[in-house]
Amino acid sequence: MVLYPNKLPESERVCSGICTLEEVVVVGYGVQKKANLTGAVSSVKMDEILGDRPVTSVSDALLGAMPGLQVTGTSGQPGSEMSFNIRGTNSINGGNPLVLVDNVEMDINMLNPEDIESVTVLKDAAASAIYGARAAFGVILVTTKKGSTDSSVSINYSNNFSFSRPANMPHKASPMQTVQAYKDMGWVNYRTGENVDTWLGLLEDYAQNPGNYPEGYTTIDGLRYQLQETDLFDDMLETGFQQTHNVSVNGGTKSLSYRMSAGMVKQDGVLVTDKDAYNRYNISSYIRSDIYSWITPELDIKYTNLNSSLPTSSAPYGIWGAASAFPSYFPLGEVEMEDGSSLPINTPRNQIILGAPTEKKRDNLRLLGKVTITPFKDLKVIAEYTFNRKSAETTKYDNKFEYANGISNFNKESSIANSKYEITSGATDYTALNIYGNYTKTVGKHDFSAMAGFNQESYTYHEVKSARWDMINDNLPSLSQGTGAYENKEAFSEYRVRGLFYRLNYSFAGKYLFETNGRYDGSSKFPSESRFGFFPSVSAGWRVSEERFMDWSDSFLSNLKLRVSWGNIGNQNVDPYQFVPAMEAFRPNWVVDGSKPTALEPPALVSNSFTWEKVSTLDFGFDLGLFNNRLNMVFDWYRRDTKGMLAPGMELPGVLGAKAPMQNAADLRSKGWEISIDWNDRIGNVSYYLGFNLYDSRTKIMKYDNESQLLGKDADGKLYYREGMELGEIWGYHTDRLYTEDDFDVNGNLKPGIPKVEGYNPNPGDVLYVDYNNDGLINNGTNTGLDPGDMRIIGNNTRRYQYGIRGGAAWKGLSLSFILQGVGKRDMWIMNELFYPHYDEFSTFYDTQLDYWTQEHTDSYFPRLYQMSKGNTAANTMTQTRYLQNGAYLSIRNITLSYSLPKKWLTPWGAKNLQIFFSGENLFTFDHLPKGLDPERTVTDDLGSRGFTYPYMRQYSFGINLTL
């Protein structure tokens, strides 16, 4: 359990032991006392982890908040969504945790964090088995705020104004350093024609006498020599601004409670113009009636409207590619052409201005009706029905504009030959029906509870995608205003889930705890003969601290509970219709009577053995509370086995012409542990807290039909798995050193006994690898686990030892809090524009890449460089230990300073509370990577376009929180 108080001046935040153990935690279709939990469950209050931070999504707020919950993202783009993972990899087929909002599935990114009461994570099978088919990857339970009974009307308004700048930007080498690198690579005349020695002389003169070159360049023999240093990143960026406003009204009487809220987020990103924007509007309404003692109806309505946009460009390199690849002397602005006209240069800034943004619009309407009937004491029957309508529309326009190409002597070019307008519209209808009953009974020291119910859900999706080329008016693109070819596509998808579930609890004297859950589930994603499955779980707990023989520890031991659990869950995370041998229509690359005909793909092979993947988890844990529960610790160790994963069932001969059918033919096993420790206390008028959580997991393939143990990826880019493989492993070569002059004879030939990469003739300064099989050639053998040649496992890109640290203190209304988050161990193979000097023939140099080999500088980090990245560049950049990076990091996620005005100042004005705050988000990251590379990104081989994409933001914000 992870609980972090935020409003520390409130005395109740430092709970007594009784208070802590009496807390209730949301579990599947109900709540339980924290003291009675036997499964692996973590829970946080949203107000306590959100505080006054300038975050707009629930996923941002949950980062580092709970052990076992991994939150990752790939972009700092306004409104970008992050992904969740609970306890590592469950299946080679991927999958995400089930997210339920008030017991019903919903997109968590469409929620306003201010409308959330708590978030609970069910991590083991014992806790999540009750959700059956969709719970194999864990469950995230979101409980939204409701109205309060017997309370006067309360109005709350809060705002947050935030200013942002990129947190980690790369910096290019200076023009002098760049041109010197050209010379070191052997250029006499650079590929654009400039004489390198002349260029260096001009740069030296420019450094001494910049006034001699007022335009920042000079022209010699018709060639333009750029001299002035420019910063394309800075030219395309500005300070971003975000504002958030939230207002809520809640209250109630003995027979009625209600809450209404509205929220707005308006974010303008850091790119010039307002084309990188994100706007979200949330409306929520809840009402509950207790007019009759035996029946309680509830109605919850939520609506979200979301609009986002991001500039794009069809010009070569694109926006981010141009920013990454163009050198530090690349000119800005416009250039005068030979005919006297002016054209914008293809800088990232100009591409943002000239290009059209990709716009996304989303609407989400959710209606939840709930009725609770109490026919007699101890029994409650609950019926819930939800209708959720989600619609999305994406418009993309590849418009045509002209520019002067700054890397090819300012030739006039067009961004694209033919403009293209594309619109994609999709709608999802989701319905869910839950009917369940809860019965509780206490007889002496025996506490019983039983819950049983029925669940049915349906999901229907429809998408239409249309495109048209050659717009008549580039300023008003539409499908009807095009004159070129058109393209239409349509997609449908649907599935149903139906299940019966139960939970039985027994407790004796509050010391011996037993629980069993189960679900009989059916999914339309599987053939009718293998559609249903039963998935049980069982767990037990022993509150050792309640035993008489532990009376001696009463002075310091508040709680000690031992837990054990086992459960089995089915996984239906597969695409619908996979058991149907469908034929897909497509347009082939041949012409009949002047047009492309419609053809059909051959049907895929389908196995008659196609059913659930089954995930079983064994968990041991303990809860420890000391010193009146001021110090709390929770520890869990688990082993999770996924059996019958869908994979190609056998290796088939290539002459078959089809892939092997998917069968339940693979197994994997994950092992891990997690721990959380928190301390809450008060010294005089000072309240303070400190929390820490840490977790780790590793996953291995236990069964897979890959007898030849193929390594790498197949033709479709999918990873080859093999028995015994640890997920995340990185295969590569062990680097010995760089070749030296002593490795070659007087004729330049490699001396005997010194290996070389097969197919390449090395030079001094190239990378020398370890020849493990002593055959004189460095290669990957047959690229199999049986014969990997000189390759070995050199690292693993799995995030290990993920942790979060939270703390804070308060004194007389003034409070300070902080959040740290990080990863203790991770290997990263990054080979792209930002890491390796002159990565390809169109690349440039960064100031972190200047330690390369030359005849005068042989003790270098990077090897010898070649013109246009040809020569032995491919051999030098093979996956290897020399350039394997350390992906561990520590991030200062947030620091917030707030002040709550004394109530005696507010009462005359009719206010209950007024808080003023200042906050910094994503303030600094301590890592081992070159500047500009971010260890938090999930993509390691190519972080966006040529190694760079929308950066993460550093934000500074202020605002108020007012309650009337």
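Which strands each supply at least two residues of the nonpolar patch? The legend of View 1 gives the answer. This is a predicted model, in which local features need pLDDT of at least 70 and side-chain atom pairs count only at pLDDT 80 or more, while totals for chains, interfaces and linings use all residues. Residues are numbered from 1 along each chain as its sequence is written, and side-chain values use heavy atoms, with hydrogens and water left out.

**View 1. A nonpolar surface patch of about 980 Å².** The strands β42 (814-825), β47 (889-900) and β48 (913-927) each supply at least two residues of this patch. Helices (H or I, at least four residues) and strands (E, at least two) are DSSP runs, numbered from the N terminus. The patch is made by Phe-163, Ile-683, Val-686, Trp-811, Leu-814, Leu-816, Ile-895, Leu-897, Ile-916, Phe-918 and Phe-958. Of these, Phe-918 is placed in strand β48. Patches consist of residues with over 30% relative accessible area and no salt bridge; like charges are joined within 9 Å, and nonpolar side chains (Val, Leu, Ile, Met, Phe, Trp, Tyr) within 5 Å. Accessible areas come from the Shrake-Rupley method with a 1.4 Å probe, and for residues only the protein chains shown count as cover.

**View 2. Helix α8 (residues 318-325) is largely enclosed by the rest of the structure, because 8 of its 8 residues are buried.** Buried means under 20% relative accessible area, exposed over 50%, and partly exposed in between (1.4 Å probe, protein chains only). The buried residues include Trp-320 and Ile-319. They pack against α7 (232-236), β16 (295-311) and α9 (348-354), where contact means heavy atoms within 4.5 Å.

**View 3. A salt bridge joins Glu-674 and Lys-123.** A salt bridge is a side-chain nitrogen of Lys or Arg within 4 Å of a carboxyl oxygen of Asp or Glu. The closest N and O atoms of this pair are 2.6 Å apart. Glu-674 lies in strand β33 (residues 662-683) and Lys-123 in the loop between β8 (116-122) and α4 (125-128), so the pair ties together parts that are 551 residues apart in sequence. Both Glu-674 and Lys-123 are buried. A network of salt bridges links Arg-87, Lys-123, Asp-619 and Glu-674. The structure holds 35 salt bridges.

**View 4. Lys-183 and Asp-197 form a salt bridge.** Their closest N and O atoms are 2.7 Å apart. Lys-183 lies in helix α5 (residues 175-184) and Asp-197 in helix α6 (residues 196-208), so the pair ties together parts that are 14 residues apart in sequence. Lys-183 counts as partly exposed at 37% relative accessibility, and Asp-197 is partly exposed with a relative accessible area of 48%.

**View 5. The side chains of Lys-412 and Glu-402 meet in a salt bridge of 3.4 Å, N to O.** Lys-412 is in strand β22 (residues 411-414) and Glu-402 in strand β21 (residues 402-405), 10 residues apart. Lys-412 is exposed, at a relative accessible area of 51%, whereas Glu-402 is partly exposed, at 39%.

**View 6. Asn-783 has a positive phi of about 55° although it is not a glycine.** Asn-783 sits in the loop between β39 (777-778) and β40 (792-796). With 25% relative accessibility, Asn-783 counts as partly exposed.

**View 7. Ser-869, also not a glycine, has a positive phi of about 55°.** The loop between β45 (862-864) and α10 (873-876) holds Ser-869. Ser-869 counts as buried, at 15% relative accessibility.
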